[in-house]
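Please look over the sequence and the model shown here before reading on. The paragraphs after it are meant to be read with the structure in view.

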Amino acid sequence: MVFGKRYIGEGKMNISAVYVTYHPDVQYLAMSVERVLPQVQNVIVVDNSDTLEDQKKVQAIASQNVIVLTQGSNIGIAAALNIGCKEAIRLGADWCLTLDQDSIVPGSMVAEYAAYVAANGTKEIGALGPMFKFCPEDVLPSDGRVVEAKTLITSGCCINLQAFQEVGGFKENLFIDAVDTEYSWNLRKNGYHLLQFHALILEHHLGNHPFHIRIFGKRIMTITNHNALRYYYISRNSKKISEDYRKAFPDEAAAYRIKGIKQAIIVILFEKNKMEKLYMIHKGTQDYRKGRMGKYGG
């Protein structure tokens with residue numbers, strides 16, 4: 001479904017940018033903040049780093065318009081996003097641009113979002129997001145349209161903070177992984193639309209030292225090489241989200257439920273540390289069945 005053409009022009013958007021960080025490359029983070037700061041009213045960095053050394057490095061980028069909220073430990077992506085969005089609301093923002101610690105946004109991103117909102121209003125818009133390239137060879141649409149999406153990932157996502165409050169924010173019991181999928185589905189379940197901008201493209205990096213499976217030069221699969229703990233959350237959370245949304249989105253929920261199974265097959269065929277990762281996938285399934293959520297081992 002196409003929601004509108006690409007709108008270029010002046011638009012106003014009272015927006016804060018929110019980063020969630022965890023032992024980041026601080027020089028790269030500072031470059032990212034410098035790139036986005038002219039586009040927004042302020043930047044909020046919610047730091048989950050759990051060493052004093054890294055906390056001090058992140059705190060060093062604070063300035064008049066850059067707020068660093070040090071958590072002292074890893075409280076999870078969902079909880080950190082909620083803290084950042086609530087701080088943005090406290091500062092008077094209507095929208096929040098959520099970013100990963102290694103995000104480099106296009107210089108026109110907020111202007112594109114603002115122009116669209118100015119031309120179309122905010123009614124029933126839950127979030128706006130860009131397109132993503134997972135490897136340089138990916139070919140993406142270049143028609144400049146704005147289309148309805150089923151999910152938007154966190155990096156580059158512009159959140160309507162009124163909708164954020166109405167749906168209750170991000171689900172903190174997920175801790176990490178699939179937090180953005182759950183939030184996207186929650187918005188849709190509550191009647192909000194997710195809009196994706198073909199004119200905006202971000203490169204997104206998956207996993208640890210990923211590589212791509214290609215046939216005749218075309219990427220058909222990306223092997224993420226996530227660590228074993230990440231596979232625990234993938235296994236557990238995919239089943240939990242599928243359970244929660246099986247009535248609202250039966251086809252999507254059914255497909256998402258087998259995500260852990262697919263990951264197990266990929267680990268067996270392509271990845272290292274197979275036994276450790278398969279054990280954590282199994283552990284994630286066990287904890288889902290027992291209703292254990294939140295931080296692993298917490």
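What follows goes from the whole chain to its helices, its surface, its charged pairs and its aromatic rings.

This is a predicted model, in which local features need pLDDT of at least 70 and side-chain atom pairs count only at pLDDT 80 or more, while totals for chains, interfaces and linings use all residues. Residues are numbered from 1 along each chain as its sequence is written, and side-chain values use heavy atoms, with hydrogens and water left out.

The protein chain has ten helices and eleven strands, where helices (H or I, at least four residues) and strands (E, at least two) are DSSP runs numbered from the N terminus. Of its 298 residues, 50% count as buried; buried means under 20% relative accessible area, exposed means over 50%, and partly exposed lies in between, with a 1.4 Å probe and protein chains only. The protein chain exposes about 14,600 Å², of which carbon and sulfur atoms supply 52%, the areas coming from the Shrake-Rupley method with a 1.4 Å probe, and for residues only the protein chains shown count as cover. Among contacts (heavy atoms within 4.5 Å) between residues at least 6 apart in sequence, 76% join residues at least 24 apart.

Helix H4, residues 109-120, has twelve residues and reaches 17 Å from its first C-alpha to its last, close to the 16 Å expected at 1.5 Å a residue; the expected span is 1.5 Å times one less than the number of residues. Among the buried residues of H4 are Met 109, Tyr 113 and Tyr 116. The helix is followed by Gly 121, whose phi is positive, near 80 degrees. In helix H2, which covers residues 52-59, one can find Lys 57. Lys 57 counts as partly exposed because its relative accessible area is 39%, and it is 32 residues from Asp 25 in sequence and 9.4 Å from Asp 25 in space, C-alpha to C-alpha.

Helix H6, residues 179-189, holds Glu 182. Why does Glu 182 count as buried? The reason is that its relative accessible area is 3%. Leaving aside residues up to four places away in sequence, Glu 182 touches Lys 171, Leu 174, Ile 241 and Tyr 245.

Ile 261 belongs to helix H9, residues 259-270, and it counts as exposed because its relative accessible area is 51%. Ile 261 is also part of a nonpolar patch on the surface, together with Ile 258, Ile 265, Ile 268, Leu 269 and Phe 270, with about 550 Å² of accessible area together. Patches are made of residues with over 30% relative accessible area and no salt bridge, with like charges joined within 9 Å and nonpolar side chains (Val, Leu, Ile, Met, Phe, Trp, Tyr) within 5 Å.

Side chains of opposite charge can pair when their charged atoms come close. A salt bridge is a side-chain nitrogen of Lys or Arg within 4 Å of a carboxyl oxygen of Asp or Glu, and by this rule the count comes to ten salt bridges. One of them joins Arg 145 to Asp 143, with the closest N and O atoms 3.0 Å apart; Arg 145 is partly exposed at 35% relative accessibility, and Asp 143 is partly exposed at 43%. Glu 271 and Lys 277 meet in another, at 2.7 Å from N to O, and both of these residues are buried. Arg 292 forms a salt bridge with Asp 287, the closest N and O atoms being 3.5 Å apart. Salt bridges that share partners join Lys 283, Asp 287 and Arg 292 into one network.

A search of the whole structure finds eleven aromatic pairs. One of them is formed by Phe 164 and Phe 170, which is tilted, with 6.2 Å centre to centre and 50 degrees between the planes. Rings of Phe, Tyr and Trp (its six-membered ring) pair if their centres lie within 6.5 Å, and planes under 30 degrees apart count as stacked, over 60 as edge-to-face and the rest as tilted. Phe 164 is buried, at 3% relative accessible area, and Phe 170 is buried at 5%.

Phe 175, Tyr 232, Tyr 233 and Tyr 296 form one aromatic cluster. Phe 175 lies in the loop between helix H5 (161-167) and H6, and its phi is near 70 degrees, a positive value in a residue other than glycine. Asp 177 is found in the loop between H5 and H6, and has a positive phi of about 70 degrees although it is not a glycine.
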